[in-house]
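Hello,

Here is the structure I promised to pass on to you. Have a look at it first, and then read on for what turned up.

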Amino acid sequence: KSQVTWSPGKQSNGFFLVLGASGSGKTETLKVLGTGVSTFGIPVLVLDFHGDVLFPGLKSVLLSSGTSSTVGINPMELDSQSAEETGLYDQRKVLRDMIRNAVPALGHRQNAILRDAIEEAYTNAGFDDADSSTWDNAPPTFADVESILAIWAEDDSKKTQRSAIEGCLAAVQEIFEHPVFHRTEHVSVNEILSSNIRLDLSKLTDEVRYIAAETLLRKLFRVLRLKGPIPVQPTDDLQRFRLFVVIDEAKILS
C-alpha cells in the first residue's frame, strides 16, 4: 500500500474531505488526522455526531438531555462585537434561516409568525438596533419565543391567525424545549480555541444537533474573524492555523 500524507500548510487552505462507503474507514482516518494535528500543537474541535471519534488528548463534552450533560448553547445569543459590521438584523436572519432549515415543515405564514415572535423576544430583552449600548444585554432564549407564541395563541385579537400560530408552536416546540437550549452554562469558545475538545452530539435528535453545531460553528467563525487576518506570509503552521474542526458526518450540516 502506498503511503498517503496530508500537509495542510503546503496548500492554499486546510480543508480535507473524507469520502467512502460504510465501513471503509472514514472515522478511523479522521482519528488519525485529528491525532496528528493535536500532536503538532494546533487546537482541534471534534463535532462527533455518532459518538465514536475518540483519540488521545481529547476532552469530551456531552450535549444531551440527560443529567450527565451540564452545558448547553443558546442559539439566540448575538455577537455584539461584530454588530456594527454585520448588523444585529443580519444575525437574527441567520437564526431564522437556521430554524427554518431544521424545521422544514414550517409554512410561509408560520415562518412570518416565528420571525415576529423572535423579534418581540429581542425587544422584550431590551435590544435596539439603533442603540449599541443594548447589544450586550442578556439574550432571550427559545423558551422566551415559545412563551410569546403560547400567549399569542390565546390572544383573541389574533384569532384570525390562531391556526397558523398554533401550527408554528407545534412545529418548533419539541426543539425549543430541549434542555440543551435551556442551560445557563454554555460551551466555552475560549476553551475550544486553546485545547482539544470533542463535543459528543450523538444523543441529540438530528434537528437539535444541527442547530447546536451550526450555532457553535458560526460563533467560532465570528470570534476568529475578530482576531484579525492571518499573516500573508506566516512564519510557520502554528501561525497559519488557529483551529482545526473535525466533523463526522458533515452532511448533517448541509
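**The helix α8**

α8 has 21 residues and runs 30 Å from its first C-alpha to its last, close to the 30 Å expected at 1.5 Å a residue, where the expected span is 1.5 Å times one less than the number of residues. Helices here (H or I, at least four residues) and strands (E, at least two) are DSSP runs, numbered from the N terminus.

Before going further, please keep in mind that this is a predicted model: local features need pLDDT of at least 70, side-chain atom pairs count only at pLDDT 80 or more, and totals for chains, interfaces and linings use all residues. Residues are numbered from 1 along each chain as its sequence is written, and side-chain values use heavy atoms, with hydrogens and water left out.

Back to α8: its buried residues include Val-208, Tyr-210, Ile-211, Leu-216, Leu-220 and Leu-224, and Arg-209, Glu-214 and Arg-222 are also among them. Buried means under 20% relative accessible area, exposed over 50%, and partly exposed in between (1.4 Å probe, protein chains only). The buried residues of α8 pack against β1, α3, α5, α6, α7 and β3, where contact means heavy atoms within 4.5 Å. After α8 comes Gly-228, with a positive phi near 95°.

**The cores**

A nonpolar core is a set of buried Ala, Val, Leu, Ile, Met, Phe, Trp, Tyr and Cys residues joined through side-chain atoms within 4.5 Å. The largest one holds 58 residues, and Leu-45, Ile-99, Leu-114, Val-145, Leu-149 and Leu-216 touch the most other members. Elements giving two or more residues to this core include β1 (44–48), α3 (88–102), α4 (108–124) and α5 (142–153). α8 gives the most, with 8 residues.

Which residues does Leu-149 touch, not counting those up to four places away in sequence? They are Ile-113, Leu-114, Ala-117, Ile-165, Cys-168, Leu-169 and Val-172. Apart from this core lies another, of 13 residues, among them Trp-6, Val-44, Phe-55 and Val-246.

**The whole protein**

The protein has 9 helices and 4 strands, in the order α-β-β-α-α-α-α-α-α-β-α-α-β along the sequence. Buried residues make up 43% of its 254 residues. Among contacts between residues at least 6 apart in sequence, 72% join residues at least 24 apart.

Glu-249 has a positive phi of about 70° although it is not a glycine, and at 26% relative accessibility it counts as partly exposed.

Best wishes
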